[in-house]
Amino acid sequence: MDIIPQLVANSVIAGAIYMLLAIGFNLLFSTVKFFDLGFGSMTAVGAYGAFYFGKTLGLNTFLGVIIGVLIAGAVGFLVGRFIYGPLKARKASSMVMLVASLGVLTALQAIIAILFTSQFQTLSQNVGSQRVYDIFGGVITEIQLIILAVGILTMIALALVLKFTMFGKAIKAIGDDEEVAKIVGINTERITG
């Protein structure tokens, strides 16, 4: 096994994971216009939800992932509704929103540490057979190929939603200029709220 192809393969897999986080963070920042520090911990809530349902309760791992995504969405909705929403209604500055998101980050990390400890956790290894593929001299597991495929498919799906749906066009309009989006009739509170 050569080291360079393996480094490239590992970098591509790590890049797929970071790409998903970066796309979500960019989409969030472009619409709400503040640096949401709590976004990363909300993704961790989804990961720990998948861990809890997939490994601790013994459900199918894919079902656990779906439940984890739904839990992260619910937590994001609640944080937006009860923390960021009232602050936006009071016309809070970006600095106040940043401090609130720091509080969300700290609170969610503390809750995760209380419920799951701070130890390293892994999902079960039975997601697929542990086949190993040799691609140009680099070794990639089946799980890594699934991660890469999900990352690419999510990026393509998001690009299609933003380009071809009214919801996506509204998000892009709010990202360009929220006041103009309001003038042309887009309910910006519903989309960013």
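These are my notebook entries on one protein chain, taken from a predicted model.

**Entry 1: overall layout**

I started with the secondary structure. The protein chain holds eight helices and two strands. I then read along the sequence and wrote down the order of the elements as α-α-α-α-β-β-α-α-α-α. For the extent of the chain, I looked up the box filled by its C-alpha atoms, which is roughly 60 × 40 × 30 Å along the principal axes.

**Entry 2: surface, burial and charge**

I asked how many of the 193 residues count as buried. The figure is 26%. The accessible surface of the chain comes to about 12,100 Å², and carbon and sulfur atoms account for 72% of that surface. I also noted the charged side chains: 12 are positive and 9 are negative. The centres of these two sets lie 10 Å apart.

Next I looked up contacts between residues at least 6 apart in sequence. Of these, 57% join residues at least 24 apart.

**Entry 3: the largest nonpolar core**

I looked for the largest nonpolar core and found that it has 16 residues. Those with the most contacts inside it are Met42, Val75, Val79, Tyr84, Val104 and Leu108. Two or more residues each come from H2, helix H3 (61-89) and helix H4 (94-116). Which element gives the largest share? H4 does, with six residues. In soluble globular proteins, nonpolar side chains tend to be buried together.

I then picked out valine 75. Setting aside residues up to four places away in sequence, valine 75 touches Met42, Val45 and Leu108.

**Entry 4: serine 41**

I located serine 41 in helix H2, which runs over residues 38-56. Is serine 41 buried or exposed? Its relative accessible area is 3%, so serine 41 is buried, the cut-off for buried being under 20%. Beyond its neighbours within four places in sequence, serine 41 is in contact with Val104, Leu105, Leu108, Gln109 and Ile112. Val104 and Leu108 are also among the core residues I listed in the previous entry.

**Entry 5: phenylalanine 25**

I found phenylalanine 25 in helix H1, residues 3-32. Its relative accessibility is 24%, so phenylalanine 25 counts as partly exposed; buried would need a value under 20%, and exposed one over 50%.

I asked which residues phenylalanine 25 touches, not counting those up to four places away in sequence. They are Phe35, Asp36 and Phe39. I also looked up the spacing to leucine 37, which is 12 residues away along the chain. The C-alpha atoms of phenylalanine 25 and leucine 37 are separated by 9.5 Å.

Technical notes
Residues numbered from 1 in each chain as written. Predicted model: local features only at pLDDT ≥ 70, side-chain atom pairs only at ≥ 80, totals over all residues. Heavy atoms only, no water. Helix = DSSP H or I, 4+ residues; strand = E, 2+ residues; numbered from the N terminus. Buried < 20%, exposed > 50% of the residue type's maximum accessible area, 1.4 Å probe, protein only. Contact = heavy atoms within 4.5 Å. Areas by Shrake-Rupley, 256 points an atom, 1.4 Å probe, with all protein chains shown as cover. Lys, Arg positive; Asp, Glu negative; His and termini not counted. Charge placed at Lys NZ, Arg CZ, Asp CG, Glu CD. Core = buried A, V, L, I, M, F, W, Y, C linked by side-chain atoms within 4.5 Å.
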